[in-house]
Amino acid sequence: MTDAKLPGLEERFVELKGSRMRYFVGGEGPPLILVHGLGGAAANWTELAPLLVPNHRLLVPDLPGHGGSEALPAVSGLEPFADRVALLAAREGMVPAPVVGHSLGGAVVLRLALRHPDDVSAVVLAAAAGLSLGSILGRQRCSARFAPAGLQRAGVAWSRVRRCSAGSSSASCPSPIPGP
């Protein structure tokens with residue numbers, strides 16, 4: 001998967017804190033960062049990225065040890081992954097930005113929001129790994145935890161009924177999150 005390209009995006013490499021990272025960048029409009037899951041790579045966004053390029057400037061990294069990025073030595077925890085994404089976004093002038101995390105990427109973007117709250121304008125979790133918010137109390141605590149991080153909670157789709165398309169006008173759908 002290391003040779004996969006993302007249509008409409010330019011492949012780049014950078015040395016960050018002693019390790020080489022591969023990432024893709026391109027598009028027009030407000031910034032948006034896409035973070036893949038465990039065992040994946042930027043190429044996991046191959047179908048979605050071309051749809052977003054006309055309206056967003058995308059940053060799509062290969063996390064350390066994935067795709068074309070070098071592994072980090074002796075890493076314990078996901079904070080170094082989040083810090084690398086933050087450095088990369090700052091280097092590309094793409095902060096603050098909404099961040100989308102799939103699977104492990106969800107856990108990474110949550111750490112990114114906590115560690116670099118001024119760099120994150122919104123968080124989207126797509127089948128995020130490691131989150132267990134089965135109770136109403138757990139969901140409320142999660143929502144309260146991220147409110148101080150500067151994240152606006154315009155509408156969270158916790159239940160199947162509330163998972164609506166952004167363009168829906170149904171009374172049961174949350175309002176779309178406003179763009180920057």
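Arg12 and Glu92 form a salt bridge in this predicted model, with their closest N and O atoms 2.8 Å apart. Arg12 sits in strand 1 (residues 10-16), while Glu92 belongs to the loop between helix 2 (79-91) and strand 5 (97-102), so the bridge ties together parts that are 80 residues apart in sequence. Side chains of opposite charge can pair when their charged atoms come close.

Glu92 also takes part in a salt bridge with Arg57, where the closest N and O atoms are 3.8 Å apart. This pair again links distant parts of the chain: Arg57 lies in strand 4 (residues 57-61), and Glu92, in the loop between helix 2 and strand 5, is 35 residues away.

Arg12 has a further salt bridge, with Glu10, and here the closest N and O atoms are 3.2 Å apart.

How exposed are the residues in these pairs? Glu92 has a relative accessibility of 15% and counts as buried, because buried means under 20% relative accessible area. Arg12 is partly exposed at 24%. The other two residues are listed with them below.

| Residue | Relative accessible area | Class |
|---|---|---|
| Glu92 | 15% | buried |
| Arg12 | 24% | partly exposed |
| Arg57 | 26% | partly exposed |
| Glu10 | 44% | partly exposed |

How many salt bridges does the structure hold? There are eight. Elsewhere in the model, a network of salt bridges links Lys5, Glu11, Arg22 and Asp62.

Conventions
Residues numbered from 1 in each chain as written. Predicted model: local features only at pLDDT ≥ 70, side-chain atom pairs only at ≥ 80, totals over all residues. Heavy atoms only, no water. Salt bridge = Lys/Arg side-chain N within 4 Å of Asp/Glu carboxyl O. Buried < 20%, exposed > 50% of the residue type's maximum accessible area, 1.4 Å probe, protein only. Helix = DSSP H or I, 4+ residues; strand = E, 2+ residues; numbered from the N terminus.
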